[in-house]
Amino acid sequence: MLNLISQKISGKFVLPLVEGGKGVSISNGETCGAWAANDAVGTFSAVNADSYDEAGNVIPQIYHGKTREERRRELIEYAVNGGIAQAKIARERSNGRGRIHMNALWEMGGSQEIITRILEGAKDCIHGVVCGAGMPYELSEIAAKFKVFYYPIVSSDRAFSALFRRSFKKCVEFLGGVVYEDPWLAGGHNGLSNAESPTNPMNPYLRLVNLRKVMNSFNLKYLPIIIAGSVWWLSEWADYINNDELGNVAFQFGTRPILTTECPVAKAWQPKFMALKRGDVKLTRLSPTGFYSSAINNEMLADLIARQERQAPIVEQSDLKVSVFGNEVCLDESFREKVSFWTAQGFSAAMLTPDKTVVFVTPEQSVSILQSQRNCCCCLSACRFSSWCQTKGSTGRIPDPRSFCIQRSLQEVAHGGNLDENLLFAGHSAYRFAEDPFYANNYIPTTKELIERIQTGY
Ligand SMILES: Cc1cc2nc3c(=O)[nH]c(=O)nc-3n(C[C@H](O)[C@H](O)[C@H](O)COP(=O)(O)O)c2cc1C
Ligand code: SF4
């Protein structure tokens, strides 16, 4: 057994083990409650979470509004009802033990309203709010209003420093800790800055030491750092535990808890995860949020990656002309052979991108892209795929057919949709399911068994 020291998290001493929040509906009230019931920290996702009808069936999130604004309001209502429902389930399942955290994406559409209304509706159920994907400056004020703890997710000391100086220093009392998410290793959206290279990962230890130094300089010496990103066997992190340079730490698991009996997608996703090999999870910049993200290289991702290659620059004049929805566009002459090849392969529909290029897709894909853009329900504060922008109505850029509707894809994949044709977020250690004897013979542990196992160091 490892000598794990309990940490005071959201006002209570608990195991320093944290469930990583996973939208859409991958970590929910059931998973969160199970982590909490085992004296750890559970995290349900408040990103368009499921709500239920009177018979207990999931209410499908179907949009009836004709305008984007109408659909945006529908989305917010679904999200608020879902968040409250999951928080209540988490409290029920926790038996009053552990801690219950809510995870939200700061850049989700209507994030401040959604977080506020969930905290209003499920106030006594939630001990902490965890927020990443963006710079959640106003998070501290919202949390303080409801007297719950807040946890920014950062990937560098610089990001935390900016958040603290500008806003968190005014509400230090409710700052519960800092989640450090390794931008090269963690599943889901990744906080790589423009100065960092996706192919040049940096040592997490050094980045954590820098984060601790910055936290110490703000008198946050005892506040825990929650380490996330490819944490699998804690025996491999022994140097990080009881380490004076790092101070109090806890560990967050994102991918590993997907294969637990409480996780709603465990059975459906298991064959995919058990078949993964090292390198099957890719770090790309295809998300409509504009952030990097890590997902399984399935058919959908492979198609989007290939789509990036099927691009030709637009020029003022040339003899190489294509029709884009009836308008003639001149392309760089040197792409003639490639364009013929792509067209012959069936990628005959040309679509404009915001970067003065044309991308080639199949006619069916072109129809589906336009349909998805038209159906936009404003799940993000700004979306490069549909050009939706919460503050201005439009980003002012051409909708980008090289991206995709993340809302549609994540909803589908969480509710029985095709695992090859939708986005499957995963951390870069997901291949370890196949190698770890704990999962031999396709065993799916309970959360209790997983937490006990983690404490052995394996
Ligand atoms: C399927 C999936 C969905 C995720 N969704 C979110 C999310 O909605 N919000 C968030 O802050 N992090 C999200 N994450 C990140 C996790 O909370 C966690 O920090 C990360 O997965 C840790 O890395 P690991 O997967 O290597 O353990 C997601 C991760 C996965 C695998
Ligand atoms: S098009 Fe963009 S903003 Fe609209 S629902 Fe899809 S991902 Fe969300």
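This is a predicted model: local features need pLDDT of at least 70, side-chain atom pairs count only at pLDDT 80 or more; totals for chains, interfaces and linings use all residues.
**View 1. Helix α2 meets helix α3.** Here α2 (residues 68-94) packs against α3 (residues 111-121) at an angle of about 40°, and their axes are 9 Å apart. The crossing of α2 past α3 is right-handed. On the α2 side, look for Ile76, Ala79, Val80, Gly83, Ile84 and Ala87; α3 answers with Glu113, Ile114, Arg117, Ile118 and Gly121. Sorted by class, the residues of this contact come out as 7 nonpolar, 2 polar and 2 charged.

**View 2. The shell around ligand 1.** Ligand 1 sits among 28 residues. Gly20, Gly187, Gly188, Gly254 and Gly427 are the closest of them. Two or more residues of the shell come from each of β5 (99-105) and β11 (249-253).

**View 3. A sheet built from β9, β13 and β12.** The 3 strands make an open sheet, ordered β9-β13-β12, with antiparallel pairing. The edges belong to β9 (188-190) and β12 (281-284); each has a single partner strand, so one side of each has no neighbour in the sheet. From one strand to the next, the twist averages 25°. Zoom in on β12 and β13 (residues 292-296) and you'll find an antiparallel pair held over 4 bridges. In that pair, Lys282 stands opposite Ala295 of β13.

Definitions and conventions
Residues are numbered from 1 along each chain as its sequence is written. Chains are lettered from A and ligands numbered from 1 in the order in which they are written. Axes are lines fitted to C-alpha atoms, for helices over the stretch in contact, and angles run from 0 to 180 degrees between N-to-C directions. A crossing is left-handed if the near helix is turned anticlockwise from the far one by less than a right angle, and right-handed if clockwise. Two residues are in contact if their C-beta atoms, placed from the backbone, lie within 7 Å. Ala, Val, Leu, Ile, Met, Phe, Trp, Tyr, Cys and Pro count as nonpolar, Asp, Glu, Lys and Arg as charged, and the others, Gly among them, as polar. A residue is near a molecule or strand if its C-beta atom, placed from the backbone, lies within 6 Å of it. Two strands pair if DSSP finds at least two bridges between them.
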